[in-house]
Amino acid sequence: MGFDLHRELQKRIAVGSIGPSTARNMGPKGTIPAVRQYLATMRLDKFSVSTENDFRKELNRATTLLCKHLPEEAREHWGAARKFLNIFLRDVFYNRFLCERNGLSVIEPCLELPLDSHAAKGLRAEVGGSSLPRWKTVIGLTPKGNAEYQEFATEIANRKGTHRVHLDLLYWRAESREG
């Protein structure tokens with residue numbers, strides 16, 4: 001069997017995007033390998049859709065499937081599964097080879113901001129952000145809470161002339177860049 005560049009890139013991005021710092025406190029032993037294995041074999045072309053609603057349906061389906069692949073004690077951690085998917089899909093989108101191969105150049109406006117304490121803190125610091133629900137934890141994130149944060153992230157991204165997925169570059173460990 002020959003070398004499949006795209007398959008190997010997908011595996012590499014799955015490993016690189018889901019590391020110990022990404023998954024800290026989000027599941028028992030075995031969570032990281034389970035997530036990486038799922039992402040490395042996921043059909044990326046299913047995300048090549050024409051509307052945000054269709055993208056959200058596919059993302060919801062993939063989140064549910066990923067939850068089923070997690071170790072039993074972590075299967076109820078919807079927020080963790082969603083964060084893992086969002087980070088992975090963002091990194092796939094940023095990769096020219098996989099993006100082109102799977103027709104993903106159209107999904108930029110649909111990609112979600114990967115939510116964690118850094119993103120929540122950044123959003124809550126924005127004008128109007130105090131109306132967001134209080135941030136608890138990634139594993140405690142619900143679909144409703146995610147939707148509220150994503151809607152506000154879209155507003156902020158529009159104000160900044162970008163898409164919400166890119167706000168992660170602004171908010172991730174922002175406090176370590178201050179001073």
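Residues are numbered from 1 along each chain as its sequence is written, and side-chain values use heavy atoms, leaving out hydrogens and water. Because the model is predicted, local features need pLDDT of at least 70 and side-chain atom pairs count only at pLDDT 80 or more, whereas totals for chains, interfaces and linings use all residues.

**View 1. Packing of helix H3 (residues 31–41) against helix H4 (residues 52–69).** The two helices pack at an angle of about 135 degrees, with their axes 9 Å apart. Helices (H or I, at least four residues) are DSSP runs, numbered from the N terminus; axes are lines fitted to C-alpha atoms over the stretch in contact, with angles from 0 to 180 degrees between N-to-C directions. H3 and H4 are therefore oblique to each other (angles under 35 degrees count as roughly parallel, over 145 as roughly antiparallel, 65 to 115 as roughly perpendicular and the rest as oblique). H3 passes H4 in a right-handed crossing, the near helix being turned clockwise from the far one by less than a right angle. Ala34, Val35, Gln37 and Tyr38 of H3 make the contact with Ala62, Leu65, Leu66 and His69 of H4, contact meaning heavy atoms within 4.5 Å. These residues comprise six nonpolar, two polar and no charged (Ala, Val, Leu, Ile, Met, Phe, Trp, Tyr, Cys and Pro count as nonpolar, Asp, Glu, Lys and Arg as charged, and the others, Gly among them, as polar).

**View 2. Crossing of H3 and H5.** The axes of H3 and H5 come within 11 Å and cross at roughly 45 degrees; the helices are therefore oblique to each other. Their crossing is right-handed. On the H3 side, Thr31, Val35, Tyr38 and Leu39 meet Phe84, Leu85 and Phe88 in H5. The contact has six nonpolar, one polar and no charged residues.

**View 3. Crossing of helix H7 (residues 117–125) and helix H8 (residues 143–160).** Here the axes come within 11 Å and cross at roughly 60 degrees, so H7 and H8 are oblique to each other. H7 passes H8 in a left-handed crossing, with the near helix turned anticlockwise. Ala120, Leu123 and Arg124 in H7 meet Tyr149, Phe152, Ala153 and Ile156 in H8. Six nonpolar residues and one charged residue form this contact, with no polar ones.

**View 4. The largest pocket and its lining.** The pocket (on a 1 Å grid over the protein atoms alone, an open set of points where a 1.4 Å probe fits, with protein on both sides within 12 Å along at least five of seven lines) has a volume of about 530 Å³. The volume is the space filled by probe spheres set on the points, which are joined across faces, edges and corners. Its lining has 24 residues, with Ser21, Thr22, Met26, Lys83 and Asp116 nearest the centre; lining residues have an atom within 4 Å of a point. Helix H1 (5–17), helix H2 (20–23), helix H5 (78–93) and H7 each give two or more residues to the lining, and H5 provides the largest share, four residues. By class, the lining has seven nonpolar, nine polar and eight charged residues.
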